[in-house]
Number of protein chains: 2
Amino acid sequence: MAPMFEAHVLPRLSPPRGRVVRTRVLHTLGLGESDLAMRLGELMDRTRNPLVGTTASQAVVSCRIRYEGGLAAPEAAALVDRTAREARERIGDYVFGEGQETIQSAVLALLRERGATLATVESCTGGLLGALLTQVPGASAAYLGGWVTYANAMKEREAGVPAALLAPGGPGAVSRDTAEAMARGGRERAGAAYALAITGVAGPDGGSDEKPVGTVWIALAAPGGVRSRRFRFMGPRENIREWSARMALAMLRLDLIGRAELPLLRQVTA
Amino acid sequence: MAPMFEAHVLPRLSPPRGRVVRTRVLHTLGLGESDLAMRLGELMDRTRNPLVGTTASQAVVSCRIRYEGGLAAPEAAALVDRTAREARERIGDYVFGEGQETIQSAVLALLRERGATLATVESCTGGLLGALLTQVPGASAAYLGGWVTYANAMKEREAGVPAALLAPGGPGAVSRDTAEAMARGGRERAGAAYALAITGVAGPDGGSDEKPVGTVWIALAAPGGVRSRRFRFMGPRENIREWSARMALAMLRLDLIGRAELPLLRQVTA
């Protein structure tokens, strides 16, 4: 498709002669689309040029800045850059990257800068977090690997989750205690600086009044200790899994930039 | 999008009044699109009704059978069913499912029928195989979980790969010996009937003359012993990973249906 797109579609999408187009896209995780719009405020007025808009894809909400007009290219670029700077100031630390960057590439770059390593321990995501991380060429510089502890026996034997947590009457597989034990166990066994653990009810079955479908605990074991957050994600199974993996990366990113206290979208408790 | 599609697009796609449309789609793994067309032969003549065509998506090549005409619905269905039967006969054991079925749902169903369990040990796919398996609701009935042994230290410590295999002068991480050791180690540690292991060069870097980008070893540890195959997949990193995960499932499926000797597309050696 790529050659066809480049030869036949792209030329038709080009601006008319003499018109300059310049675009930048900032990506955020942890805000809703309406939160983002509120922060951007009058930057989003439809009469402005550059135009500022928002788009959402899975948990990632992006801010798109687009100039089209008669300015020379350098002036257009400067104008878009100024708007991007103002947008970043208003959005704050939820911006994780721009353009082709992904949350996984942003997190891996931060880890690499710090010479730190990461391991993963996944239950309901079943390997999706590891798969996202290893989409990035060179991920091996920071990502060591991890465990898919789908069965409870794997959680106990491989991640060192105490059997009492999973036994009847205990907090169960989808709980703060289990998520934190998974993260702690993964961090120790992998010898990693950081470990992320995810355990939740991806559905469509397995939900209860206490733990409805979409309930996900994410824990981060870091050099400074273990933190965890409970989320309630929406939509079908695959959506819940995609959000879980990305929010785990968002948690790690906030920790790495020293903003571990910032709330995240769909988070139910600290 | 779904409600918009149903309200506005679907009606325009419906056949004219009095015309009946009936479709079936058979999915295969392990054949190329041209192999499939050769097997289907004159069933693909463009003058026939039902029309028989092929489509390809990642490693999955599908055969689409579509009747449109003036027959009553039951006769149209019978005609399509007859063509599907004939197509299946010509294609043989490469057909793994139909319609909404995926290779992962087909493999999980076979495992469940046999009361057998599965573990995974992934290097270059980084969790993608586990993520595919756990897309299927109820996967936990057969899939226990596994390891993402991305770093060599994880291969040694967690999957029991002998250090000598990974040391300088040894066969290395991408080799038959390492793939088989990963599968054997995963099977034993998980206490599973079957274990699949994947190790390869997903690129864009890390290739060599001897092991170019796209070289992937896949091993299956089964109750009857360990088998492995070498593949050479094409395209960008994500393509190589997607093909690797699906071909691993195809290998397991052939073993489960007693056809472990059948060759698979892109396979270089047995």
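## Salt bridges in chain B

At 52% relative accessibility, Glu261(B) counts as exposed in this predicted model, where buried means under 20% relative accessible area, exposed over 50% and partly exposed in between (1.4 Å probe, protein chains only). Its side chain meets that of Arg259(B) in a salt bridge of 2.9 Å, N to O, a salt bridge being a side-chain nitrogen of Lys or Arg within 4 Å of a carboxyl oxygen of Asp or Glu; Arg259(B), at 27% relative accessibility, is partly exposed.

Glu238(B) and Arg241(B) also form a salt bridge, with the closest N and O atoms 2.9 Å apart. Glu238(B) is partly exposed at 26% relative accessibility, whereas Arg241(B) is buried with a relative accessible area of 0%.

## Salt bridges in chain A

Glu242(A) and Arg246(A) form a salt bridge whose closest N and O atoms are 2.6 Å apart, and both residues are buried. Because they are four residues apart in helix 9 (residues 237-256) of chain A, about one helical turn separates them; helices (H or I, at least four residues) and strands (E, at least two) are DSSP runs, numbered from the N terminus.

## Sheet of chain B

In chain B, four strands form an open, antiparallel sheet in the order 2-3-1-4, strands counting as paired if DSSP finds at least two bridges between them. Strand 2 (51-57) and strand 4 (95-98) of chain B are the edge strands, each pairing on one side only.

## Basis of the values

Residues are numbered from 1 along each chain as its sequence is written, and chains are lettered from A in the order in which they are written. Local features need pLDDT of at least 70, side-chain atom pairs count only at pLDDT 80 or more, and totals for chains, interfaces and linings use all residues, while side-chain values use heavy atoms, leaving out hydrogens and water.
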